[in-house]
Structure formats: structure tokens, C-alpha cells
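Open your viewer and get ready to select. We will go stop by stop.

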Amino acid sequence: MSIAVSVIVPAYNAEKTVGKTLDSLLNQTFKNIEILVVDDGSKDATRQVITEYTKKDSRIHLLPKDVNEGLSAARNTGAAHAQGAYIGFVDSDDWCEPDMFEKMYSASEEADVVVSGFFHDSLDDDGNLAVQTIDKTGTNAVASNRKDIILWAAKLDGIRLFAFTCNKLYKTKFYKDCGVAFEHQTLIEDYMFNCKIWGNIQKLSIVDGAYYHYIKFSKEALTQKFLPDYFEIINKRYVLMRDLFEKEGLFSGESREIICSMHIKHVLAGMVRNFNKQSNYSTAQQKAKIKEMLDDSNCRQAMQYAVGKRKQEKVSNFIFKTKSVLLNYLFAKIIFKMQNSKNKLFDKLK
């Protein structure tokens, strides 16, 4: 019997978490999967843990790499070895609901890409679940019209489901025919990958369910720590999505509103990151950075067209559109303090 789904698990120094990840895959109700675990040059006991799991179940395959090359390269290695009709990606510190691949594969209907929702689990300092949010598509749908497929990119981004690969299945033939690989890019490698393949999709399946648990361990996670080139990364993110829509003549109306609102959201996140002590920015430097952001041409375009739907988006857009350096500085400072509060206030409000 041919393999239905190849699950690719990149692992680097994941000795404490990869076991739970693999257990969640072995406990899937859908058994016709192969699990390709790429040990990306780990320095701890990750490889030994994976090796023990290969002895438990022949569906688990270890793909060892002696040099750490990063998440994107590990995923590319796994994809090159995939034998399944579809490819899925699971990170070695996350886990899946038992029916994830049964539900997604059964809804594939030969689609090039299948999209579902996921859980966002924030853990406290002791590793216990502090806050859980769920992002879902809100519908079951199949799109085969090119315009509809492109429009779904903005819809999914607006509900925080586009920018990831963990909540998707990709038809292997489609994936490989596209000739698109993951690039070495901090923070938005998944987003770049999805933008580049989206224009090639002929059939898209949307699933109204959440099955993947994305784990946020601490305030030092990549999603919050200081990155000196964060603004450049977010500008690249905005341009990729805008270009996808402009190429199809669809950068208008509600989609444009969503794309611009998302850009404002991420630029504000950059202002927040600059309060991290790792930045060593003085107040004057932080304000200068904010002024640079507010004066950027992409930000000006976002101000012109952004329309928020959620209350948080409306507040963020309003403050951003004032173009006030001081107001944006104070707003970012408040958010930073909320993000770093012990009661996970920011995650609760999200």
C-alpha cells in the first residue's frame, strides 16, 4: 500500500520535547503515514531519543545530519525523502491531536494544499499550560477558481492561519513540481514558502477544525526576542503578499484592507521588540526607529488602506495612523509590559 502522508519533523537539541511530538504522531488514528525525523546536527541526546523511537515503530525514519544547517534546510532534507502522497510538517517541540491527519487527509479531495486551524498554547515558567487560544477557518470549503484561491491567502492571513506550514498538507507532486524550497530566513520562512507556491495552486481545501498544538515556551521565544533586522523582515513579508495580489489584479477591497492591517500589526510588534533589553536602545533611539517605521512608504500605504475587524486591530490601526511617534512609543511600551507579565495578560487578550 502506498503511503498517504509523509510527516517531516526537523529536530535540533530537542531531547526534552521530541518524544512527546513523536508520541502524538504514533497515536494518530490515521496509520498510513511515514515520519521523517531530521536530526539537524544536535549537540544533546536528540539523536539517541529518535533512534529509540525507530525501534518502536518502523514508520519512523531518522535522517541524521552532522552539521546544523537550520530549520529550512532540515525541512528541505525531509521533503527530498518523502514518499507519501502528501507532506506535512511538525516541529519537534509541538504536538498533534490524534485525529489531525485523518481529518485533513480525508478532506483533501486531491487538493494541492489543505489548510486547518491550530491551538496556540502558552506555557508558564514551570511548563504548565497558562493560556490557550484557538484559531480556526470557520468553514469547510474547496476552492478551484484562481481568484478565490488567491483571495483565501488574505483571508487566512487575517485569521492568523496563512503564515505557517504546520497547519497544512501539501500534495507531494504539486510541492515538487513547483520547485520551491524553504529559504534560510529568520521568522518568515513558512510565510515566504506559502507566498511562493500560492499562485500555483489549482485546488485548495479548507478544513474547519484545529488539530495542531503550537507551543510557546517563554518570553524568550523567537516570536518575541529582539531582532535587529525585524523591520526589514516584516517589509519583505508585506511585499511578498502584496506582489501576489497585484500580479492577479486583486490588491483592492477587503483583501487590501486585511493585508495592510496585518502589516501594521507586525510593524507595531517590531516597536515592541525594541523594548527588549537585548536591543540596548535608548529612549531617543527607540523613538528614532519608530519615526523611521512611520515614514516608510509601505507603512504609509498600509495607513491608507488598513481596516481592522477585531477590536485589537482597530485600536492598533488608530494609534498607528496618528503618525505620532510618542503615542506609538507609549502604546508599544504598554504591550511590551503586558507580554512580559507573569499572568500572561497579552496572550489572554489576543
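This is a predicted model: local features need pLDDT of at least 70, side-chain atom pairs count only at pLDDT 80 or more; totals for chains, interfaces and linings use all residues.

**Stop 1: the whole chain.** Show everything as a cartoon. You are looking at 14 helices and ten strands. The radius of gyration is 20 Å, close to the 20 Å that the globule rule gives for 350 residues, so the protein is as compact as a globular protein of that length. Of the 350 residues, 54% count as buried. Now think about contacts between residues at least 6 apart in sequence: 78% of them join residues at least 24 apart.

**Stop 2: the core.** Select F101, W198, L204 and F245. These residues have the most contacts inside the largest nonpolar core, which has 101 residues. Next, colour helix α8, residues 230-247. Helix α8 gives the most to this core, with eight residues. In soluble globular proteins, nonpolar side chains tend to be buried together.

**Stop 3: around F245.** Zoom in on F245. Which residues does F245 touch, leaving aside its neighbours within four places in sequence? F245 is in contact with I150, L151, A153, A154, L250, F251, S255 and I259. Of these names, I150, L151, A153 and A154 take you to our next helix, α5, where they are buried.

**Stop 4: helix α5.** Select residues 146-158. Helix α5 has 13 residues and reaches 19 Å from its first C-alpha to its last, close to the 18 Å expected at 1.5 Å a residue. Other buried residues of α5 include I149, W152 and L156. D157 and G158 are buried too. Now check the ends. N145 caps the N-terminal end: one of its side-chain oxygens lies 2.9 Å from the backbone nitrogen of K147. Just after α5, R160 takes a positive phi of about 65 degrees.

**Stop 5: T322.** Jump to the loop between α12 (311-321) and α13 (325-339), where T322 lies. Is T322 buried, partly exposed or exposed? T322 is partly exposed, because its relative accessible area is 33%. Its side chain reaches the backbone oxygen of I319 at 2.6 Å. Leaving aside neighbours within four places in sequence, T322 is in contact with L327 and N328. Last, draw a distance from T322 to E109. They are 213 residues apart in sequence and 47 Å apart in space, C-alpha to C-alpha.

Key. Residues are numbered from 1 along each chain as its sequence is written. Side-chain values use heavy atoms; hydrogens and water are left out. Helices (H or I, at least four residues) and strands (E, at least two) are DSSP runs, numbered from the N terminus. Buried means under 20% relative accessible area, exposed over 50%, partly exposed in between (1.4 Å probe, protein chains only). Contact means heavy atoms within 4.5 Å. A polar contact is a pair of N or O atoms within 3.5 Å; within protein, one must be able to donate a hydrogen and the other to accept it, and residues adjacent in sequence count only if both atoms are side-chain atoms. A nonpolar core is a set of buried Ala, Val, Leu, Ile, Met, Phe, Trp, Tyr and Cys residues joined through side-chain atoms within 4.5 Å. The radius of gyration is taken over C-alpha atoms; the globule rule is 2.2 Å times the number of residues to the power 0.38. The expected span of a helix is 1.5 Å times one less than its number of residues.
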